[in-house]
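Here are my notes on the model you passed along. Have it open while you read.

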Amino acid sequence: MAEAGSFAEKVKQQADIVRVVGEYIRLRKTGQNFTGLCPFHQEKTPSFAVHPVRQIYHCFGCGAGGDVFKFVMEMDKCAFPEAVRAVAEKCGIPIPRPRERTPEEHRENQARAALVELHREAAAFFARQLREGAEGRVARAYLEERALTEEAMDRFGLGYAPSSGDALLRRLQSRYPEKVLEASGLFSRDSGGRFYDRFRRRIMFPIANDAGKIIAFGGRALGDDHPKYMNSPETPIYSKSSVLYHLDRAKEAIRRNDGVILVEGYMDAIAVARAGIAAVVASCGTSLAEPQIKLLGRFTRRVVVNYDPDTAGQAATERSLALLLEQEFDVRVLALPGGADPDKYLREQGSEAYRNLLAQAPAYLDYLIGRARSMDRSTTAGKLAAVNFLMPYVQRLPSRLLRSEWATRIASELRVDEPVLRESLRRAAAERRGEVKPRPELLALPVSPAERRLMQMLVEAQGFRQKLSGEILAGGLHLGLETEKIFAALAARAAEPLDAAAFASSLDDRDRRMLFEILFEESPEATWEEAESCLAVLRQRGIERQLADLQRQIETSVPPEQLRGLLEERLKLQRQMHAAAPSK
Ligand SMILES: [Zn+2]
């Protein structure tokens, strides 16, 4: 894909795949490779590997693999040219000229850029309104009452939308075409079709995407206006279900700590961040959407949910928690005393008390068992109710092992001794309700060490790739092997330099996975001597296969005049085999 001399090739040569992949998932150095949790399938133990020398990635679980561009294309769901640009930007490689776009793409990009710019200006406008004027003073007083200093207002970009109803409109309408104003979601139309400010008399919280660009606002009513909280509507740059408030500022800390606190509202996130815990995001509501979970999963799989699961929105909270479990997050629950939200609790009790509770936040299972325990379990019916309360959670767990662990824990914690209850728990643990995504079977293919080594050499041994492929083709050494097609394709390319990832992508899926697994094996510098000994093994195997064929023919009843010829042939092959045996 990266043509010689092209910008893509230049980027590929200069880019560091470890750094780029590391922006999306946590990587740890293990041996010569880096490993982490695969972003392309759900897993708890890392089977995703990045090879810093070969500049490729491969998942031993689901088989995803490729070069740095493929990775970005898959993660960002973008096309090759965008991936090249993205990699160049991430690695600080200057981009020569704007890429060619279709007129339609060009218009869409311009429209998005205009919306982002409009939001930036709107945020600056709201912030100024908060600092200045009589209305701003009232808003500031409200925030100060909630212990927000001016420094904090600046830091989180807070603002104020005045009550006039057209202050923002007047500020922006001469600068943006009507279509952009309309698409921004910041204006509504009255019955006469005239624009007016959507947000009025509200404290404004800028909502940024994970790259830190403001793409929407949340507004809290200053008085008793309804609704208390109002968000931007969906726009070309904002989709509520795929944004987490404060993620742009939190992501470094989330990666560093491998964990995040999930809170409900803007003020909660701000309060927790101000208490010195940077790894906090707000879902802006108690229901968490799957894209938000996927987004979070790019940074960590350990989350402390600091909603109050017992009060309003409980059903939504439980759905969110269940969704996190399904996605194999390690979930803990922090329920603050008296159902307080984090903002209120931190104001009243201080950060020390909050940190203490945070450290003790129970695993979700323990939290649920605690709730089941508080039910009346003096009768069998009561116990049944408690077990039935827990069962749906057990069944949502994707891993059978985990389900069975939970069932055992539940049985012992709730002292479930009745065989009937035990049996129903056992059954719940054995089955999984809801959709189950089949995991691709692990490939266990019989590929000998000699074949593996030869493939590595055909990819990398610059000094003798061509000579080696000549030997293989001349002797037909690859014929009949599981790896026959890979060898044939590698040999056909031996005359020119080879880009392993691009080459692999030309293979069918099974062969691509096989080649990637082989490329991830530890390998010393290859010598021709070693190549020869590997070739000898393949020759030997070839003769063995011919011998086995011959033996089958001999064993089936053949006429005596043919048998003689076959036996002679066998003797010849046996001699060849001794001659070809690699010297020990
Ligand atoms: Zn995977």
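The points below cover the metal site and then the strands around it.

1. Keep in mind that this is a predicted model. With that said, the zinc ion has four protein ligands to look at: Cys38, Cys59 and Cys62 each coordinate through SG, while His41 uses ND1. The distances run from 2.0 to 2.3 Å.

2. What is the geometry of the zinc site? It is tetrahedral, with angles of 105 to 118° among the 4 donor atoms. For reference, the ideal angle for four tetrahedral donors is 109.5 degrees.

3. Reading along the sequence, the donor spacing is C-x2-H-x17-C-x2-C.

4. Now the strands. E2 and E3 pair antiparallel over 3 bridges, and Phe34 stands opposite Val50 in E3. E3 also runs antiparallel to E4, joined by 4 bridges, with Ala49 opposite His58 in E4.

5. Check the turn as well: E3 and E4 make a hairpin with 4 residues between them, and Gln55 in that turn has a positive phi of about 60°.

6. Lastly, E3 is covered on both faces. Phe48 and Val50 are buried on one side, Ala49 and His51 on the other.

Terms used
Residues are numbered from 1 along each chain as its sequence is written. This is a predicted model: local features need pLDDT of at least 70, side-chain atom pairs count only at pLDDT 80 or more; totals for chains, interfaces and linings use all residues. Side-chain values use heavy atoms; hydrogens and water are left out. Donors are N, O and S atoms within 2.8 Å of the metal (3.2 Å for Na, K and Ca); water is not among the atoms, so sites may look incomplete. Four donors count as tetrahedral if all angles lie between 85 and 135 degrees; four count as square planar and six as octahedral if opposite donors are over 155 degrees apart and all others between 65 and 115; anything else is irregular. Buried means under 20% relative accessible area, exposed over 50%, partly exposed in between (1.4 Å probe, protein chains only). Helices (H or I, at least four residues) and strands (E, at least two) are DSSP runs, numbered from the N terminus. Two strands pair if DSSP finds at least two bridges between them.
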